[in-house]
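Hi everyone, thanks for coming. Have a look at the screen while I walk you through this one.

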Amino acid sequence: MITLYLARHGQTKENTMRIFQGHLPGELTDEGIEQAKELGKELENIHIDCIISSDLKRVTDTVGYAMAKRNIPWEKNKLLREIDWGMWTGLKIESVNVKNPPKDAETKEMLYERAKSFIDYLKSNYDGKHVLVVAHGLINRSIQANIEGAEINKLHTIPHMKNAEVRKFIIQ
């Protein structure tokens, strides 16, 4: 059994500008920094054995602010990166036809399978642990869908995570 605390990074400048961030590093806003610190306060009395996070800057900065007072083993894992938007990366959301993504973008099916791979990785390497996972909105949604057994065509039923929100799951 794994106790999983799944969190999203703090608000970024790119979030406020409604930009497809994808694999861009992202820069936390002042509010994002405060959100990360609040996440840390929310988690301060919770036992955590280890942290696994995306390797993208907006997430590593969030972990740095949230967990600054704790010395917990921390792994950065590329499986937790946000969806790759391909040629849309860096563009404003309203500047594209969202119903026609570019051919070089990662599909929701690919993201769902990557999330499944991450869950399998957790089960193989972190059984019996309390794990904080910090990543991004869409990969987190796919992770949650995999945990809950939601099919890919039901992804939209998984509630969107707010910046620096944390959700708890038990993985058998």
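Let's start with the aromatics: one cluster is made up of Phe20, Trp85 and Trp88. Keep in mind that this is a predicted model, where local features need pLDDT of at least 70 and side-chain atom pairs count only at pLDDT 80 or more, while totals for chains, interfaces and linings use all residues. Residues are numbered from 1 along each chain as its sequence is written, and side-chain values use heavy atoms, with hydrogens and water left out.

So what makes a pair? Rings of Phe, Tyr and Trp (its six-membered ring) pair if their centres lie within 6.5 Å; planes under 30 degrees apart are stacked, over 60 edge-to-face, and the rest tilted. By that rule we get five aromatic pairs. Take Trp85 and Trp88: their ring centres are 6.1 Å apart and their planes are at 25 degrees, so this pair is stacked.

Are those two buried or exposed? Buried means under 20% relative accessible area, exposed means over 50%, and partly exposed is in between (1.4 Å probe, protein chains only). Trp85 has 17%, so it is buried, and Trp88 is buried as well, with 7%.

Now over to Trp74. The charged end of Lys76 sits over the Trp74 ring, 4.1 Å from its centre. For that label, NZ of Lys or CZ of Arg has to be within 6 Å of the ring centre and within 35 degrees of the ring normal.

Trp74 and Lys76 turn up again around Ser53, as both are in contact with it. Contact here means heavy atoms within 4.5 Å. Leaving aside neighbours within four places in sequence, Ser53 also touches others, including Val59, Leu80 and Val134. Ser53 is in strand E2, residues 50-53, and it counts as buried because its relative accessibility is 0%.

Zooming out, how many helices and strands does the protein chain have? Five helices and five strands, where helices (H or I, at least four residues) and strands (E, at least two) are DSSP runs, numbered from the N terminus. From that end, the order is β-α-α-β-α-β-α-β-α-β.

Last bit, the overall picture. Of the 172 residues in the protein chain, 49% count as buried. The C-alpha atoms fill a box of roughly 45 × 35 × 25 Å, taken along the principal axes. And among contacts with a separation of 6 or more, 74% come from residues 24 or more positions apart.
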